[in-house]
Amino acid sequence: MILERTTIIPAPLPRVFDFFAQPENLARITPPSARFRIVAGPARRLREGDRIDYALRVFGLPFRWASRIEAWREGELFADVQERGPYKAWRHTHSYRAVAEGTEMHDRVEYELPFGILGRLIAGRLVARELEKIFDYRTQAMIHLLSRI
C-alpha cells in the first residue's frame, strides 16, 4: 500500500530540512493521542544509518517501533524503514525542494500490513484512513511550527 502527500511549507528549504533532521521534532508533529516518545536515538542531527526507538499507541494499543535512516541526502531527502513495529513493512521517503512559496515536501510511505490479504481486507481501509488523519495533523503542525521559526 502507498500513501503520498505533498505539502508546501512557507519556510526556506534549509530551515525545513534542519527541522526534520532533529529527531525530537517528530514528537512535535505527531498527534497527542499517539502518546509518541523517543526511547533511544541520537542526541544530534540525524544521518544515514541512525536508529531510533519509539514508544507510541496505534488505535489505543501500545507499540514499540524501531526505525533506521536508510538513505540521507542533505537538504534533499531521507528515508526511514521500520526494523520493528506494527507493520509487516514500512518505508517512508521524505523529499524536499525549494519553491517560490517556500519548501515543497513530498512524503511517500510504502507499507504492508501484517497477515497478508487477510490484514488488508480487515484493516486496510481503517489503517489508510488513520494514516491520512495523522498526515493531516502533521501538515498543520509543520506549517504552524515552521512558518514561525
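This is a predicted model: local features need pLDDT of at least 70, side-chain atom pairs count only at pLDDT 80 or more; totals for chains, interfaces and linings use all residues.
Reader: How do you know what the order of helices and strands is in the protein chain?

Author: The secondary structure comes to 3 helices and 7 strands, and from the N terminus on these elements run β-α-α-β-β-β-β-β-β-α.

Reader: What makes the protein chain as compact as a globular protein of that length?

Author: The radius of gyration of the protein chain is 15 Å, and the globule rule gives 15 Å for 149 residues, so the chain counts as compact as a globular protein of that length. The C-alpha atoms, taken along the principal axes, fill a box of roughly 45 × 30 × 25 Å, and buried residues make up 44% of the 149 residues.

Reader: Why is the pair R5 and D136 called a salt bridge?

Author: The closest N and O atoms of R5 and D136 are 2.9 Å apart, and because the rule asks for a side-chain nitrogen of Lys or Arg within 4 Å of a carboxyl oxygen of Asp or Glu, the pair is counted as a salt bridge. R5 lies in strand β1 (residues 2–9) and D136 in helix α3 (residues 116–146), so the pair ties together parts that are 131 residues apart in sequence.

Reader: Why is R5 called buried, and why is D136 called partly exposed?

Author: Buried means under 20% relative accessible area, and R5, at 14%, therefore counts as buried. Partly exposed covers the range between that cut-off and the 50% over which a residue is exposed, so D136, at 41%, counts as partly exposed.

Reader: What makes E83 and R68 a salt bridge, and which parts does the pair tie together?

Author: The side chains of E83 and R68 meet at 2.7 Å, N to O, and because the limit is 4 Å, the pair is a salt bridge. E83 lies in strand β5 (residues 77–84) and R68 in strand β4 (residues 61–73), so the parts tied together are 15 residues apart in sequence. E83, with a relative accessible area of 39%, is partly exposed, and R68, at 29%, counts as partly exposed as well. E83 and R68 are also linked with R51 and D53 in a network of salt bridges.

Reader: How do you know that R108 and E110 form a salt bridge?

Author: Their closest N and O atoms are 3.7 Å apart, and because the cut-off is 4 Å, the pair is counted. R108 is partly exposed at 27%, and E110 is partly exposed at 31%. By this rule the count comes to 15 salt bridges.

Technical notes: Residues are numbered from 1 along each chain as its sequence is written. Side-chain values use heavy atoms; hydrogens and water are left out. Helices (H or I, at least four residues) and strands (E, at least two) are DSSP runs, numbered from the N terminus. The radius of gyration is taken over C-alpha atoms; the globule rule is 2.2 Å times the number of residues to the power 0.38. Buried means under 20% relative accessible area, exposed over 50%, partly exposed in between (1.4 Å probe, protein chains only).
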